[in-house]
Amino acid sequence: MRKAISFISFASLLLLITFGCLHFLFRFTPEHNIISLNKGWNVVFRNEQYLNTNLERLSLEVGSTFSKGDTITLNLSEPLSMEPVPFPYLMFKTQFCAYEVYLDNVLIDQHYLNALTDNSFIGMGYNFVQLPEDYLGKKLSIKLFVTENDTRADILTPKLGNFDDLFRDVIHSVLFPSFAGIFMIIFGVVFLLISFLFYIKTSGVSSQVICSILSIVVGIWTVTAFDADDFSVASPISTFWGYSAMYLIVPVMYLLIYSLHKRGNNSVVLLLGCSCLGFTILFVLLHFFNVIHINHFQKPFFFTAFIGTVMLVLYDVMDIRYRKQSSSTLILMLGETVLVFTLSFYALNEIIMKYIDYRQNIFLYFLVPSGGIFFAITQLLNHFIFMTRSFAQRKEYVSLAQIAYLDNLTNIPNRVSFDKKMAEFDSGNHDFCILSLDLNGLKEVNDNSGHPAGDRLLKSFAECLTDVFDKTGDYFRIGGDEFIVIFPSIKKELLDEMLMTLDTKLLKLDEEDPEANHSVSYGYAFRSETTERDTHSVLMLADQRMYAYKRQYYSHLTNFSGAEQ
């Protein structure tokens, strides 16, 4: 566990240093002045006028939320005054509002007004309005048309400046969440592909797949929640994907808990996860068919998220108390717990409506993306453990396979491999040849010179078999001094030549090691020579011929000894 903590600490520090370097490299200094129009607004709402209002505290005066159909007029009390800038733009953020922008009561821009009649979804995001060259000295007015109930009344401070400066200012203000969100999306996609392509048949891969999906979902939510995609994706689409990703977090979280605790009775977790997933799909369909927009399901989402958080804590307590879970499970549960803990601060902010934008609070700005990064780091550690375990299992499997199918002394296939090969030939119809070989005098070598000499004889003979028959047949040691070679297809003339080569090699070994007699008796038979045409009949015929050869060899040896006497 200490190694896991050290790994997590080191990886977290490394990533934070990386993001810090990126933040430094992409540091931003505007070329022209950027004016924040945070004060001095006269607000007209429901026939009431609120003078010299700070837009970010508007809810203190008009109430916490707007309703669908409300119109809010924002009049800047003082004319626009600043140093002239090239390509002047007004930047402001809207939440579920169509808008019109006026300079001295002259309309200069409008957007999303069609939503007032066709109930289309607007979403949340930044708006950039190009100002005319003679904007200085004129009074600015913004009219907002609310299209959704329970729209937050506070409004993020509008800004005035050069377009490039405003654009870079927004990008720089979400640099850390942007990198964190993109990192989680790429990380999740890569790990998902790795899981599917390489480890789909390996046990334990399901939790990796779920973690990858959760990383992608949290990454999408992070990018959209901090408006990091406003310049590449339209606000309605971005907001829809943000809410969809947020609603998916809970069912994927349930699924991960279930995957990590399959051995227990987890029917309740599975039921809750499936129910949440079903509700999420329902929310998306209702939004898609323009029945109820997706932002109106936050309250039931927070309720299911609360239940999910309680379930997660209960499983954490059980894992720690009973200590029945593997280190891999504990690490992933730790990552999920930290992630849920950081996301709970986002939910709390939405409930109490403290901040309009997460960039307004440095705690939220860093905490939520950091939770996602920490979860990714725990996946890396789990993957390392998973790979280490898989490597050990494969190594053990190779060792067991070697013990099961290879002869320990000669390192060539053994009787088990021979039986398997014979079954393969029995199932076919083509002709084949079996060569039976039996070492001469192995018992005498063991008795007279000891078993080490006999072992040397067996090893050297196996090497000769490999040299002669390696590319033409399959060779096996099936007993103490018994060897078999099976040829799927070979001509008799070629086989006789190879046997002569084998005899030559054995004679050479006699010269190198005179302590042992390097000779072999052999006989072979083809399938076409037997009536039954099965491997057993072919082997029996080859053995008969081998033993006839052995009798002839020993008879010749006896006669040779008698002649000498």
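This is a predicted model: local features need pLDDT of at least 70, side-chain atom pairs count only at pLDDT 80 or more; totals for chains, interfaces and linings use all residues.
I will start with charges. Side chains of opposite charge can pair when their charged atoms come close. In this model the count comes to 14 salt bridges.

Asp227 meets the side chain of Lys93 in a salt bridge, at 2.6 Å from N to O.

Asp227 has another salt bridge, with Arg359, and here the N to O distance is 3.2 Å. Are the two side chains buried or exposed? Asp227 has a relative accessibility of 4% and counts as buried. Arg359 is buried as well, because its relative accessible area is 17% and the limit for buried is under 20%.

These contacts belong to a wider arrangement. Lys93, Asp227, Asp357 and Arg359 are linked in a network of salt bridges.

Now a salt bridge in another setting. Lys492 pairs with Asp496, and their closest N and O atoms are 3.2 Å apart. Both residues lie in helix α15, residues 492-512. They are four residues apart, which is about one turn of the helix. Lys492 has 43% relative accessibility and counts as partly exposed. Asp496, at 27%, also counts as partly exposed.

Next, the rings. A pair of aromatic rings is described by the distance of the centres and the angle of the planes. The structure holds 32 aromatic pairs. One of them joins Phe461 and Phe483, with 4.9 Å from centre to centre and 65° between the planes. Why is this pair called edge-to-face? Because the angle of 65° is over 60 degrees, the cut-off for that class.

Phe461 is buried, with a relative accessible area of 1%. Phe483 is also buried, at 0%.

Ring pairs link Phe176, Trp221, Phe226, Tyr346, Tyr358, Tyr365 and Phe366 into a cluster. A ring can also have a charge over it: the charged end of Lys354 sits over the ring of Tyr355, 5.9 Å from its centre.

Last, empty space. Rolling a probe the size of a water molecule over the atoms shows where empty space is left. I will describe the second largest pocket, which has a volume of about 710 Å³. Its lining is made up of 31 residues, and Arg152, Tyr243, Asn295, Gln298 and Glu350 lie nearest its centre. The elements that give two or more residues to this lining are β6, β11 (151-152), α6, α7, α9 (298-322) and α10. The largest share, five residues, comes from α7. By type, the lining divides into 13 nonpolar, eleven polar and seven charged residues.

That is the end of the talk.

Notes: Residues are numbered from 1 along each chain as its sequence is written. Side-chain values use heavy atoms; hydrogens and water are left out. Rings of Phe, Tyr and Trp (its six-membered ring) pair if their centres lie within 6.5 Å; planes under 30 degrees apart count as stacked, over 60 as edge-to-face and the rest as tilted. Buried means under 20% relative accessible area, exposed over 50%, partly exposed in between (1.4 Å probe, protein chains only). A charge sits over a ring if NZ of Lys or CZ of Arg is within 6 Å of the ring centre and within 35 degrees of the ring normal. A salt bridge is a side-chain nitrogen of Lys or Arg within 4 Å of a carboxyl oxygen of Asp or Glu. On a 1 Å grid over the protein atoms alone, a cavity is a set of points where a 1.4 Å probe fits but cannot get out, and a pocket is an open set with protein on both sides within 12 Å along at least five of seven lines; lining residues have an atom within 4 Å of a point. Grid points are joined across faces, edges and corners, and a volume is the space filled by probe spheres set on the points. Ala, Val, Leu, Ile, Met, Phe, Trp, Tyr, Cys and Pro count as nonpolar, Asp, Glu, Lys and Arg as charged, and the others, Gly among them, as polar.
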